[in-house]
Amino acid sequence: MSGREVRIDQWNAFDVKRAGIGSAAFPLSIEVVQQGGTWLVHGTASTAYDIVDALPWAENVAVLNVGQNSWLDEDLRSLRPHEIAEEQNVPSVAHDIGDAAPLLVLARQDLRAFFSDWTLYGVDIVDWTGELAPEAVARGDLRGTHLHSEHDSYLSVRSDDSSVAPRVFARLLALLAASALGVEDGGTITEPPWELCAQLLDRSPFWTGRVTGTGPYGVEIGLAPQGWRPNDPGPRAFPVQVKHDRVTGMWNGAGG
């Protein structure tokens, strides 16, 4: 089984980020909680750039609470989101929300272009329908899908779309496999189908994964049905394996 092709960025968090006192590489982790008709998904490790196009956004989105040191002016002042959009040649509309940096509205298809080739340590992205005042969105009165990325490694997604959890799981598996296989900046890898990830999440809402085997043409990822926290050494055993064939793009496994 295979899914969508994913373009890999040079800042793939599984390559460049470390967690905990011992500076160990991040494991893959995902935790899913359902509250009524809302799904809450927490996971590692992903940059905003690598995850935004995996989510079920509305036609337009709002970007706010951006924390970054990649875009600075001559006085070493961080550029505001609308100024970054201008530098990235991304069409956008800025809305004043008081003392904070303006809320930025852009089309969902421009998210990857907006976040391309820079890193950040915090951001919130929410569905934008224009029904709420910008000030209300800034206060947290949100609708639809909401991504919060912290330190560009820890992500949280809230959505009323039931596909959000398998979407996130599939993207994290693809990013971890790309890191293990040495897929370079600009290269692509096939993510697993959402159906495979949904089957895993039906078995457990918590998973932690590590690469358990690599070869010239594929990678094996071991999964354990438990959660993970920074400084936690993680599972000792991985009873479930999924395998990716780099040549065919197929993903198989999830037994155990």
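**The largest cavity**

Reply: The largest cavity holds about 90 Å³ of space. The model is a predicted one, in which local features need pLDDT of at least 70 and side-chain atom pairs count only at pLDDT 80 or more, while totals for chains, interfaces and linings use all residues. Residues are numbered from 1 along each chain as its sequence is written, and side-chain values use heavy atoms, with hydrogens and water left out.

A cavity here is a set of points, on a 1 Å grid over the protein atoms alone, where a 1.4 Å probe fits but cannot get out, and a residue belongs to the lining when it has an atom within 4 Å of a point. The grid points are joined across faces, edges and corners, and the volume is the space filled by probe spheres set on them.

Sorted by class, the lining has 5 nonpolar, 2 polar and 4 charged residues, where Ala, Val, Leu, Ile, Met, Phe, Trp, Tyr, Cys and Pro count as nonpolar, Asp, Glu, Lys and Arg as charged, and the others, Gly among them, as polar.

For comparison, the count comes to 2 cavities of 30 Å³ or more, and the second largest cavity has about 40 Å³ of space. Its lining is made of Asp-9, Trp-11, Thr-47, Ala-48, Tyr-49, Phe-115, Trp-118, Thr-119, Leu-120 and Asp-152, which by class gives 6 nonpolar, 2 polar and 2 charged residues.

A last point concerns confidence, which is expressed as pLDDT, the predictor's confidence in each residue from 0 to 100. The chain averages a pLDDT of 90, and 95% of the residues score at least 70. Confidence is lowest in strand β2, residues 18-19, with a mean of 64, and highest in strand β14, residues 218-224, at 96. Where pLDDT is low, the predicted coordinates should not be read in detail.

How values were computed
1 Å grid on protein atoms, 1.4 Å probe; cavity = no way out; pocket = protein on both sides within 12 Å on 5 of 7 lines; lining within 4 Å. Helix = DSSP H or I, 4+ residues; strand = E, 2+ residues; numbered from the N terminus.
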